Amino acid sequence: MRKVCGWVGQILRVNLYSAKISTIPTEDYVPGYLGGRGIAAKIAWDELSPQVGCFDAENPLMIMTGPFTGTVVPGSGRCEFFGVSPQVYPKPWFTRSGMGGWFGSELKYAGFDGIIINGTAEKPVYLWIDDGKTQILSAEELWGRDTYATQHALMKRHGADVKVVSIGPAGENLVRWSVILSETTNAAGQGGLGAVMGSKKLKAIVVKGSGPIRIAQPKELLDFCQAINRDCVAQFPVAKPPAEAKPQLMPAYGLKEVACSHACSFCPWRWGWMWQGVPGKAYPAINTSLIKCLGNAFPGSKESAGTPKGWYLGEEAGLEVSALTNKFGLNQWDLVLGLLPWLTECKSRHLIDKIDGLEIDLNNPEFWVSLLKKISYREGIGNILAEGAPRAADIMGIGQDIVRELYPAYGFAGHWDGHGDKFNQPFFPFWIVSAIQWATDTRDPFSSAHGYMQNIILLSKALSWKEIISIGEFVYGSPKASDPHSGYEFKAEPAIWHQHESILKDSLALCDQSWPKLYSFNSDDRYARVTIPQYGTIEGKAFEAYLYHKVTGTEINENELRKRAEAIFNLERALQVRNYGRSRKDDLAIIPYFETPENIIGPSGKRESLDREKFITLMDKYYQMRGWNPKNGWPTEAKLKELGLADVARELGNLTKID
Amino acid sequence: MPGKNEDGFAGANHVEVGKIPPSSGKLKVDLERCHQCGLCELFCSLYHEGVCSPSFSRISLLRNPFTGDGLLETCRQCAYPDCYFVCPVGAIIIDEKTGARVIVEENCIACGKCTEACPFNSSKTIIKYDKEKEIYFKCHLCYGREEGPVCVEACPWNALIIEKP
């Protein structure tokens, strides 16, 4: 078989019912569909019928890597998961979930660019992929074990250097917000795809690989990646230890900063910390786990302990609870930004005060442990909460209005939107861009869309607004795109730019926290660029295209690469229109959420909320820029043809779902 | 003292101890700085083999994700290099410039004696076998590379250093 550079050549297909194992050439999908999310969108368009529900055997669970996965490209150690998502509310639909760690790279070293899993096994099984050979093996003695114990057992059986993804009791018991987990805390978190694995009776996938990924232009790639690292490692002033990590605790618990994923070269936020040998508070156990990103939230803070939604667990119990969510296989984001705020708000409105007799008290580690256990095993009220807050509110008939304050859309809790998400601190006008992203996605868009909001808000503490505005002008085409004193003008442009960037990150496989590389502390104007004597100067927004060329050998410029991302975005939209009747009406359903007052006051000096009329005008602009019909939000025939999707246009035409 | 000769197979390199030029340094990892990202392995295999793969790297990251422990294994450029003495065809040479112990690819007959002789190679993380080229390979401090070892240069955390004897 001819090896394609950046790829290892084939995608594994497994049917768990018939036990049939086969492969398809990756070249059937690339370079046209780029990789990861692009390949999955194409397969879903070709194979996924509208009737397929999240727990149906026909629901394809797909794991896809990108051409960068497993290479030296900084921040490339990722893979993406896809399927009809149980978490999506009110009705499950096809969406995605990304994961860092080491599994994606190992899968490629083992000879596969991706895995498509169909069917349902009769008894619990796991997949064992050993350098190109795949077996379906019995997981009956693993079923019921938590994710850490499962991995330990599989590492004992197949070797300490295997990489594993597995589900815990939550996935087995079809908790709608259960994760697929690898190592201590890398997870395909959002979307509840752990329950899809559970419904297929697939406990784990174990991979071991020793093969190479061929690189088209090794020397150029090496020089360029080194140049990027040299530029971006230049100490970002915002790098910091976790808020709760007191210096005196660090030696006691072996606290150590580690990469949260393979090929991590640096991210300005540096949130991967290994905690070793920390005694539990609810149970007398010793816990060791990597804590990154949201994991840092579990200790809570003393200041917030007295407030209705705040808590204080402290470092030890915080780590214990965080590790427990991972062992059970629960989605930390949905727990901390969805279910718990919903429960505590319900409590403060006297709608519910106890969970099966235990007082709702977030300062009590035993409450957390009891709650997580009940949900994971569907015991008592846990059986209802396992459905997630939006469905639980419907079933119990309480707090549906609270759900609407916490969940912008599709059954996903707030994220970088300035309203429901109280952890992050975006302010007007920047969350207008988030609102567009939320309106037109299929899930919480911030799997791969931190590049606008997080960069601007956090870097505004280190850079001047003048610098941020000029970088915005350079990237998005207008100074208004990143001006804190602007309003609704020029907000569709950055939304679209980052939706395409999001496609690139999920398709090539790049870390969302460290890409795109738009800012630098090494240049006078703070715009990222690298200069390599023999090749010239490459600008930050063109890094992806340059890397794509050096890795795969396919020459492509920045605009062409982003055009392909646009085609993938349109294909996903076409799937939404064809399979789920998606329309403008569904998009605009996010408006009431954003009409509530924003969390913090920005430079405008007053607490803003979304102006419905201005936003609708902005959405009209968005549809127009996308080449979609503003009346119904459907892609137009002309646009799809322009993007090389004439067959998609034809099929939508046959269903009269195109203008 | 001649080279190791346990199975009666005389090594080709018979040099008196003390007459072997010492290596000018060896790769050392600062575990406080190492983030266990694995980029050293990928840069190494990319530079030497044009591919990305830990199996084709001359430095090996061993990490335990459940304890947080990690270490890097690579050739120690021993003062008394067993691999050098055991090689039956003299395919291992001492680089005049750096003193690094270098397996010359063209001369390697893939007998595997070096990989067995190395006292630190029980997990096959130091002297590895390339199935395609049918040769053994190990770290030689980037023999012939003007700037020195590529991993030292590429480590984003500055965790790799050349330790002088």
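Here is a walk through domains, sheets and the chain contact.

Before you click, note that this is a predicted model, where local features need pLDDT of at least 70, side-chain atom pairs count only at pLDDT 80 or more, and totals for chains, interfaces and linings use all residues. Residues are numbered from 1 along each chain as its sequence is written, while chains are lettered from A and ligands numbered from 1 in the order in which they are written.

**Stop 1: domains.** Colour chain A by its division into domain 1 (10-208), domain 2 (235-406) and domain 3 (431-522 + 557-654); the bounds come from an automatic or database domain assignment. The centres of domains 2 and 3 of chain A, taken over C-alpha atoms, are 30 Å apart. Between these two, 10 residues of domain 2 are in contact with 10 residues of domain 3 (contact: C-beta atoms, placed from the backbone, within 7 Å). On the domain 2 side, you'll find 7 nonpolar, 1 polar and 2 charged residues (nonpolar: Ala, Val, Leu, Ile, Met, Phe, Trp, Tyr, Cys and Pro; charged: Asp, Glu, Lys and Arg; polar: the others, Gly among them).

**Stop 2: a six-stranded sheet.** Next, show the open sheet of 6 strands in chain A, ordered S2-S1-S6-S3-S4-S5 with mixed pairing. Strands (E, at least two residues) and helices (H or I, at least four) are DSSP runs, numbered from the N terminus, and two strands pair if DSSP finds at least two bridges between them. Its edges are S2 (20-25) and S5 (94-99) of chain A, each pairing on one side only. Now select 79-84 of chain A: this is S4, joined to S5(A) by 6 bridges in antiparallel fashion, with A:Glu80 opposite A:Gly98.

**Stop 3: a three-stranded sheet.** Move on to S14-S15-S16 of chain A, an open antiparallel sheet. Strands S14 (256-257) and S16 (286-291) of chain A are at the edges with a single partner strand each, so one side of each has no neighbour in the sheet. S15 (273-279) of chain A is joined to S14(A) by 2 bridges; look for A:Glu257 opposite A:Trp273.

**Stop 4: chain A meets chain B.** Which numbers of residues does each chain bring to the contact? Chain A gives 32 and chain B gives 23. Select helix H6 (218-233) of chain A, which gives the most to chain A's side, with 6 residues. Finish at S13 (213-214) of chain A: S13(A) pairs antiparallel with S2 (51-52) of chain B over 2 bridges, and A:Arg214 has B:Val51 as its bridge partner.
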